[in-house]
Amino acid sequence: MPRTTTTRTICATLALVGATLGAAAIPAVATQAAPTRTTACPTGWGSLPETDTTATTTPVRDIRTGRHACYDRMVVDLPGAGRGVGYSVRYVDRLHQDGSGRHIPVAGGAVLEVRVAAPAYDPGTGSPTYPARAGRPLPGVDLAGYRTFRDARFAGSFEGDTQIGLGVRARLPFRVLHLTDRVVIDVAHSWTGTR
């Protein structure tokens, strides 16, 4: 075999071996875990009482709850009330029913007493407008799977005020929003401002 052909064959073989070794020497690219996403939650809420003294005779029609990324929400619906609905929301050691003073047990690490300055009955007839019974869970409210809410009890409606006990996991920050025809109570999942 002529020297030129042998040299070419050796060079071609060395090039193939080099390419194979070079490819084997390249480290595998490490897959990076997707970055953990955190939701920036509202901050600046507190745990001190919040009140508005406006009263209405428009009755409570419904109380409902919902889950959100940063907080759990309770909504008290008063269709037709407009923007004139008062409230008082505060942490209490124990929930006591207005009028009788009877203790109403509420499960959870802390209890928020929610008062709405509106009756849960028709002021003209005395007929209930919200189908709840004192000391019992709120009708139609299922708190399974909530991060903050643990219990929601109807305390009663006395002298134009409706009283609710909201059991939460711990004493957490909350806010109260007064929207058209409703009062909204949001309780944060944590104090840190992240989910």
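This is a predicted model: local features need pLDDT of at least 70, side-chain atom pairs count only at pLDDT 80 or more; totals for chains, interfaces and linings use all residues.
Me: Which residues form the disulfide, and how far apart are their sulfur atoms?
Reply: The structure holds one disulfide, a term for a pair of cysteine sulfur atoms within 2.5 Å. The cysteines are C41 and C70, and their sulfur atoms are 2.1 Å apart.

Me: Where in the chain do C41 and C70 lie, and how many residues apart are they?
Reply: Helices (DSSP runs of H or I, at least four residues) and strands (runs of E, at least two) are numbered from the N terminus. The disulfide of C41 and C70 links distant parts of the chain. C41 is in the loop between α1 (3–25) and β1 (50–52), and C70 is in the loop between β2 (62–67) and β3 (71–77), so that the separation is 29 residues.

Me: Why is strand β7 largely enclosed by the rest of the structure?
Reply: In a regular strand the side chains alternate between the two faces of the sheet. In β7, A110, L112, V114 and V116 point one way, V111, E113 and R115 point the other way, and all are buried. Strand β7 (residues 110–116) is therefore largely enclosed because the number of its residues that are buried is seven of the seven.

Me: Which strands are joined to β7, and by how many bridges?
Reply: Two strands pair if DSSP finds at least two bridges between them. β4 (residues 87–92) runs antiparallel to β7, with V92 having V111 as its bridge partner. β9 (residues 161–168) also runs antiparallel to β7, and V114 stands opposite I164. The bridges number six for β4 and seven for β9.

Me: Which residues are joined with E113 into one salt-bridge network?
Reply: The structure holds eight salt bridges, each a side-chain nitrogen of Lys or Arg within 4 Å of a carboxyl oxygen of Asp or Glu. E113 forms one with R90, with the closest N and O atoms 3.0 Å apart, and R115 forms one with E113 at 3.1 Å. Salt bridges that share partners put E113 into one network with R90, D98 and R115.

Me: Which element gives the most residues to the largest nonpolar core?
Reply: A nonpolar core is a set of buried Ala, Val, Leu, Ile, Met, Phe, Trp, Tyr and Cys residues joined through side-chain atoms within 4.5 Å. The largest one has 34 residues, of which L138 and V187 touch the most other members. Elements giving two or more residues to this core include β3, β4 and β9. The element that gives the most, with four residues, is β7.

Me: Which residues does L138 touch?
Reply: Contact means heavy atoms within 4.5 Å. Residues up to four places away in sequence are not counted for L138. Under that condition, L138 touches I63, M74, Y130, A152, R153, F154 and I164.

Me: Which are the edge strands of the open sheet of four strands?
Reply: This sheet has the order β2-β3-β11-β10, with antiparallel pairing. β2 and β3 pair over six bridges, and T65 has M74 as its bridge partner in β3. The edge strands each pair on one side only, and they are β2 and β10.

Conventions
Residues are numbered from 1 along each chain as its sequence is written. Side-chain values use heavy atoms; hydrogens and water are left out. Buried means under 20% relative accessible area, exposed over 50%, partly exposed in between (1.4 Å probe, protein chains only).
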